[in-house]
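Please keep the sequence and the model at hand while reading.

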Amino acid sequence: MARRSTDLCVLITFLSLFLLTEAGHKHNRGRNGLKSLEFSLYQHETINKTGFIVVDGVAGNAGVSQTTTPFGTVFVFRDRMTAGLGLSSSRVAGVAEGTSITSSLDGLRSLSIAKITLDVEGRRGSISIVGGTHNTKPSDYPVVGGTGDFLFVQGYVRSSPVDLRGTTVVYKIEFHLYWPPYAPAVHPN
Ligand SMILES: *[C@@H]1O[C@H](CO)[C@@H](O)[C@H](O)[C@H]1NC(C)=O
């Protein structure tokens, strides 16, 4: 009987560990020993409040609209990122600081760089991303590196517009982060 209950305890412990790992965000140390983390946040940007045009683009094909800016426009932002869709109702889990430079003549695409400071899953630090943005379609950005608990991180971030109407625009940001094999040896967190 004692033996039975020990077995049961071990089983329950394993089951709950499994369930904890599976809940919510995906958080893995796979069979190959590689560590990864996948989660989503919502980025909120308000024109003239969290994002500003600091250099006007060249006069030409595109004007300033909800989705376009003239070629060469330099836009700078410091946007909050929340776990849920509502800015007032959910926790700020990240801050994106960066800049976009309009790089297509139709005003729809830009080159973007950003540092995203994160506090998720008990991990704190930042990741840096760089890549092309399409103003009305999902865009993928390679992760070029990280700091703190995200030191050495690789992977990509996908940004998709959720709501482009109104003065505050919302993007869903999906993080797909992978640590290279040597990272745990240098930085065990
Ligand atoms: C933002 O500020 C600029 C410069 O003051 C102004 O021209 C523009 O209309 C403003 N945009 C919005 C949406 O308030």
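This is a predicted model: local features need pLDDT of at least 70, side-chain atom pairs count only at pLDDT 80 or more; totals for chains, interfaces and linings use all residues.

## The hairpin of β8 and β9

In the hairpin that β8 and β9 form, five residues lie between the strands, and F152 takes a positive phi near 75° there. Residues are numbered from 1 along each chain as its sequence is written.

Is F152 buried, exposed or partly exposed? F152 counts as partly exposed because 15 other C-beta atoms lie within 10 Å; a residue is buried with 20 or more other C-beta atoms within 10 Å of its own, exposed with 12 or fewer, and partly exposed in between, the C-beta atoms being placed from the backbone. Leaving aside residues up to four places away in sequence, F152 touches G146, W179, P180, A183 and H187, where a contact requires that the C-beta atoms of two residues, placed from the backbone, lie within 7 Å. The C-alpha atoms of F152 and Y182 are separated by 8.9 Å, with the two residues 30 apart along the chain.

## Overall layout and confidence

The protein chain contains two helices and 10 strands, and from the N terminus on its elements run α-β-β-β-β-β-β-β-β-β-β-α. Of its 189 residues, 24% are buried. Among the contacts with a separation of 6 or more, 44% are between residues 24 or more positions apart.

The average pLDDT, which is the predictor's confidence in each residue on a scale from 0 to 100, is 87 for the protein chain, and 82% of the residues score at least 70. Over residues 8-24, however, the pLDDT is below 50, and this stretch has one contact in the model beyond near neighbours in sequence.

## Strand pairing

Two strands are taken to pair if DSSP finds at least two bridges between them. By this criterion β8 and β9 pair in the antiparallel sense over four bridges, with R158 in β9 as the bridge partner of D140. β9 is in turn joined to β10 by nine bridges, again with the strands running antiparallel, and in β10 the bridge partner of Y156 is H176. β9 and β10 also form a hairpin with four residues between them, in whose turn G166 has a positive phi of about 80°.

β10 pairs with β2 as well, in the antiparallel sense and over 11 bridges; here Q43 stands opposite Y171 in β10.

## The nonpolar core

A nonpolar core is understood as a set of buried Ala, Val, Leu, Ile, Met, Phe, Trp, Tyr and Cys residues joined through C-beta atoms within 7 Å. The largest such core has 23 residues, and those with the most contacts inside it are I116, I127, I129, V143, V153, V157 and I173. Two or more residues each are given to this core by β2 (35-46), β6 (109-120), β7 (123-134), β8 (139-148) and β10 (168-178). Which element supplies the largest share of this core? That share, six residues, comes from β10.

For I127, the residues touched, not counting those up to four places away in sequence, are I116, L118, V143, G146, F150 and V153.

## Two further positions

E121 has a positive phi of about 55° although it is not a glycine, and its place is in the loop between β6 and β7. E121 counts as partly exposed because it has 13 C-beta neighbours inside 10 Å.

V74 lies in strand β4 and is partly exposed, since 16 other C-beta atoms are found within 10 Å. Not counting residues up to four places away in sequence, V74 touches V54, V55, T99 and I101. The C-alpha atoms of V74 and V54 are separated by 5.8 Å, although the two residues are 20 apart along the chain.
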